[in-house]
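Below is a short report on one protein model. It covers domains, chains and charged pairs.

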Amino acid sequence: MSTLAELAFSRQDYAYAFLDAFAKRELRRKILKAIAIPGYQVPYASREVPMARGWGTGGLQVTLALVGPKDTVKVIDQGDDDSVNAANLRRFIARMAGVKTTTDALEASLIQSRHRIPEEILRPDQILVLQVPVPEPLSWVEPSYTRARELHADAEYGLAWLGIYEDLVRYRSNTHGADYPVLVNGRYLMAPSPIPRWDTPKLHLAQHLTLLSAGREKRLYAVPPHTEVRPLEFSDVPFAVEDQRGWADAQTGVQNKFMTEIPLEGGQSRYQLSDSDYARKAALRLEIGATYYDDQGTFYIPGFLAERKASVAPSHAEQSLGTD
Amino acid sequence: MQTLPLKPPQLTQHNPVVRATGLQKTYGQVVALRDVSLVAYPGEVLGIVGESGSGKSTLLRLLNLQESADAGTFYLEASPHDQQDLFTLDRYQARQVRVRHIGIVYQNPHLGLRMNHTSSGNVAERLILAGERSFGSLRRAARESLQVSDFPLGRMDDPPRKLSGGMQQRVQLAKAIALKPTLLLLDEPTTGLDVSVQALVLDTLKRLQYELGITMLIVSHDLGVIRTLADRVMVMRDGRVVEAGLTDQILEDPQHPYTQQLVHAKL
């Protein structure tokens, strides 16, 4: 007969993946709750990690709670794998969990990201962790968090449309550049973290699990696979992603993927693929998986995005604003 | 000689729009309202006067369903809740009634407006809360409502913080009447404005009352405002109604010593 001491793991001074067992257990329970109630913000005890709040501590804690020795981890910062924030996080996760790291979105089993969802369609066995600075989508129109929670409880989201109204009136088009509010599973309004509008539709009926976590605000929420995620829109002004038609990556000539605009002297611009690993693959002519937007810029779920008009201006909003 | 039976005035033959009875409210040791009852008929303007701390604002907060009373009932001709004491509504229903049936103009525009949003957005907010989801309709409705309140349309997309006090009050008014409410509450709407602007805002209120026939409840300590607008007036002191009656009657021939004092205290 074996003793308890033989069955248990031997005592370790350092916990696997940095967080102690209790912290991980709490996080995993909260993650399960978040998955059970899509879009609902679950409070959790955000632990100290060796990094300042606001630098991805929320995403990091979720990643550390999920990571196992067989995982392959990718970390994205604004589409880039090599920025300081991404490199630091990736090195930390690798050191603490002893996992393989990669920059290839299709190789990774666990992707922690800030501001972007990869261009290639993620598979059901992959998990995307998004870092969230402001988890409360109503914070722009309802300054009191207590009242905002009441509004969530009552599914009373009229005020969110006020934000879109303001955008349309002030800037004549939808300038909500990032963090566009979405309704998850027809129930909870959710801030999808500051991903560009371009990435927002990627959450709709996605095959992968998306977890969103705000370390400073101590809230985490989830979009389970195959969940409806619809951006808020007026009945006469449809939601539209960034209009980057005609923009081509300076290095590879790729079009209709999300670009970063680099201003040049003399008012010219150069464009660069925001997803740096997609750019690498395109430049080396490596095999690229199926993408959310095809080479003509058509979204992979037919009919989900409204048909774009031929010309860039005047936008629909401008017409209905009238001249007064 | 046979005397004809006296008929009550036309106005009071309709069902009252607002019926509140026995309202009580205390804050700790302070008794803000003691057994206040009021009725208002369709299209009537009811004035409430009284000194600071007499319970006027508390009364308005109760009628605006911002707080619940300690005792008393409040009925409003507001379908589908017209047979129900509004103090028994839950949070969600109370919000619906407030959005659709009760408009309010505060003395301090900061309470009623989002100072950094556009003025038209402030007006549209009420329609959005009521479920309007077409941008074009919102624009049209906001423009109409601002126009009715004599707001200069060229500035409809300026934020209220950039507007003058009189214009801010007009935005509040446009927001309050955007959905043609059953009851319009006015809390000192002209206090703090200079006299000429006061007169213009009063003109607008008078015209709106005439055109839309909204039942109004106006709280003011300015007897001139009450005299201009109100059909009937209630005088409050220490959380009680000390005197009530037709405006002319009360202001010309006050019976209660406090009302006499109030009327004669005019400069």
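Leaving aside neighbours within four places in sequence, which residues is Thr291(A) in contact with? They are Glu119(A), Glu120(A), Ile121(A), Lys257(A), Tyr278(A) and Tyr300(A), where contact means heavy atoms within 4.5 Å.

## Basis of the model

This is a predicted model: local features need pLDDT of at least 70, side-chain atom pairs count only at pLDDT 80 or more, and totals for chains, interfaces and linings use all residues. Residues are numbered from 1 along each chain as its sequence is written, chains are lettered from A and ligands numbered from 1 in the order in which they are written, and side-chain values use heavy atoms, with hydrogens and water left out.

## Thr291 of chain A

Thr291(A) sits in the loop between α7 (276–283) and α8 of chain A. Helices here are DSSP runs of H or I with at least four residues, strands are E runs of at least two, and both are numbered from the N terminus. The residue counts as buried, at 15% relative accessibility. Buried means under 20% relative accessible area, exposed over 50%, and partly exposed in between (1.4 Å probe, protein chains only).

The side chain of Thr291(A) reaches the backbone oxygen of Tyr293(A) at 2.7 Å. Among the contacts of Thr291(A) are Glu119(A), Glu120(A) and Ile121(A).

## Two domains in chain A

Chain A is assigned domain 1 (21–231) and domain 2 (259–316); the bounds come from an automatic or database domain assignment. Their C-alpha centres lie 22 Å apart. Domain 1 of chain A brings 28 residues to the contact, and domain 2 of chain A brings 19 residues.

The size of an interface is often given as the accessible area lost when the parts come together. Between domain 1 and domain 2 of chain A, the buried area is about 1,900 Å², with 56% from carbon and sulfur atoms. Buried area is the accessible area (1.4 Å probe) that two parts lose on being put together, summed over both. On the domain 1 side, Glu119(A), Glu120(A) and Ile121(A) lose the most area to domain 2 of chain A, together 32% of what that side buries.

Two salt bridges cross this domain interface. A salt bridge is a side-chain nitrogen of Lys or Arg within 4 Å of a carboxyl oxygen of Asp or Glu. Glu120(A) and Lys281(A) meet in a salt bridge through their side chains (2.8 Å, N to O). Strand β10 (residues 229–231) of chain A gives the largest share of the domain 1 side, three residues.

## Chain A against chain B

Chain A and chain B each put 24 residues into their contact. They bury about 2,200 Å² between them, 55% of it on carbon and sulfur atoms. Twelve residue pairs are in polar contact across the two chains (both at pLDDT 80 or more). On the chain A side, α5 (145–153), α6 (158–171) and α8 (316–321) each supply at least two residues. The largest share, nine residues, comes from α6(A).

Four salt bridges cross between chain A and chain B. In one of them, Arg91(B) pairs with Glu150(A), with the closest N and O atoms 3.8 Å apart. Arg95(B) and Asp154(A) also form a salt bridge (3.2 Å, N to O). Arg95(B) lies in helix α2 (residues 91–101) of chain B and Asp154(A) in the loop between α5 and α6 of chain A, so the pair joins two chains. Arg95(B) is buried at 17% relative accessible area, and Asp154(A) is buried at 18%. Salt bridges that share partners link Glu150(A), Asp154(A), Glu156(A), Arg91(B) and Arg95(B) into one network.

## Salt bridges within a chain

Over all chains the count comes to 35 salt bridges. Arg207(B) pairs with Glu211(B), the closest N and O atoms being 3.1 Å apart. These two residues are four residues apart in helix α7 (residues 195–212) of chain B, so about one helical turn separates them. Arg207(B) is partly exposed at 27%, and Glu211(B) is partly exposed at 47%.

Key: A polar contact is a pair of N or O atoms within 3.5 Å; within protein, one must be able to donate a hydrogen and the other to accept it, and residues adjacent in sequence count only if both atoms are side-chain atoms.
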